[in-house]
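The following note sets out several points on how the secondary-structure elements are arranged. It should be read alongside the coordinates.

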Amino acid sequence: MDALKELRTEIDHTDQALLQLLAKRLALVAKVGEVKHQHGLPIYVPEREADMLAARRKEAEKMGVPADLIEDVLRRIMRESYTSENRFGFKTVNPAIQKIVIVGGRGKLGGLFAHYLSASGYSVEVLGREDWEQADKIMANADVVMVSVPIANTLETIERLQPYLSENMLLTDLTSVKRAPLEKMLAVHKGAVVGLHPMFGPDIPSMAKQVVARCDGRFADRYQWLLDQIAIWGAIIYPVDAREHDHSMTYIQALRHFATFANGLHLSKQPVQLAQLLALSSPIYRLELAMIGRLFAQDAGLYADIIMDKPENLAVIKSLKETYAESLAFFENNDKQGFIDAFEKVHHWFGDYSELFMKESRQLLKQANDLR
């Protein structure tokens, strides 16, 4: 027991040394953040991160340290570093912009963009639902108008803005559907138009590695500065046609949200205790439960709007219902071979992504298990 106590004391001392090194690294990151702010460099540089991780993995292997361990540690440190770098603000890409108005800027997502734009040196004003009587004053001399309102109110809000728009203004939106809002913006406005869809929620600690879908509208040269500004925040800009975007969202959002909702609704009707399910869960099932539970901690209206957005969504959801029936039939008919054949077809469809997802999920499962 004395020997164990001595070893634990030595481990404690080593942990304290690690803490000092982490503090030193974060201090260096702070200086990096200042330099990036001064020179307008992006928070996230994929090539730098990949090269650094590859180098540390090789060094770790030479020292007898598991390469996966050092990568896990460094990725967690880098995530903290990206958040830390936000404290210094960002370089103003377009100093000529005098005022940005965010319609719905008191909402969570609008508020997030208001924060980042303000941190980038822009003057930001908000036009909320109770502010329309003062719309003339708020919209006066605006260079950019950004719409961030619920999906159900987006088209009406864009149309309502028409009397206050001048051709020199940039009009954009943050809606999770793109075709109809983009068409409406192009119809009511003669100036620059671009549709944006942040593929994340408002609770992110940093924009680093987050994806923003971009649907081009009109006069791309007039809004390139905004895309550059968002890239400096660390986000990845993904260009996509508005119709293709909405088709993809049927599967990325509507189908997934409906399936998650249905699973949660079904579970809530079963004679089970959630606490006991969690206590008995493997990491993968706990993670699945967490993803279901996460949905129900958010805005029901938002998910209803996403699912109800267009007939295509309901058609695909109905096909899911048919697939459930088809899948159940394998077991009702004791058709094990039929299930195996269908399983192999899906495996073939996923192709090499199966192994990639196996690797990615393995990391998620380790983290989920750590939190038990």
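1. In this predicted model, helix α11 (residues 283-295) packs against helix α15 (residues 353-370) at an angle of about 85°, and their axes lie 9 Å apart. Angles of 65 to 115 degrees count as roughly perpendicular, which means that α11 is roughly perpendicular to α15.

2. The contact brings Pro283, Ile284 and Leu287 of α11 against Leu364, Leu365, Ala368 and Asn369 of α15. Sorted by class, the residues where α11 meets α15 comprise six nonpolar, one polar and no charged.

3. Seven strands form an open sheet with mixed pairing, in the order β2-β1-β3-β4-β5-β6-β7. The edges are taken by β2 (124-127) and β7 (236-239); each has a single partner strand, so one side of each is left without a neighbour in the sheet. On average, neighbouring strands of this sheet are turned by 25° against each other, direction ignored.

4. Within the sheet, strand β1 (residues 100-103) pairs with strand β3 (residues 144-147) in the parallel sense, over four bridges. Here Ile100 stands opposite Val144 of β3.

5. Which strands does helix α4 touch? Helix α4 (residues 108-119) packs on the sheet and touches β1, β2, β3 and β5 (192-198). The direction of α4 makes about 165° with that of β1.

6. Helix α7 (residues 179-188) also packs on the sheet, where it touches β4 (170-173), β5 and β6 (211-218). The direction of α7 makes about 160° with that of β5.

Note on methods: Residues are numbered from 1 along each chain as its sequence is written. This is a predicted model: local features need pLDDT of at least 70, side-chain atom pairs count only at pLDDT 80 or more; totals for chains, interfaces and linings use all residues. Side-chain values use heavy atoms; hydrogens and water are left out. Axes are lines fitted to C-alpha atoms, for helices over the stretch in contact, and angles run from 0 to 180 degrees between N-to-C directions. Helices (H or I, at least four residues) and strands (E, at least two) are DSSP runs, numbered from the N terminus. Angles under 35 degrees count as roughly parallel, over 145 as roughly antiparallel, 65 to 115 as roughly perpendicular and the rest as oblique. Contact means heavy atoms within 4.5 Å. Ala, Val, Leu, Ile, Met, Phe, Trp, Tyr, Cys and Pro count as nonpolar, Asp, Glu, Lys and Arg as charged, and the others, Gly among them, as polar. Two strands pair if DSSP finds at least two bridges between them.
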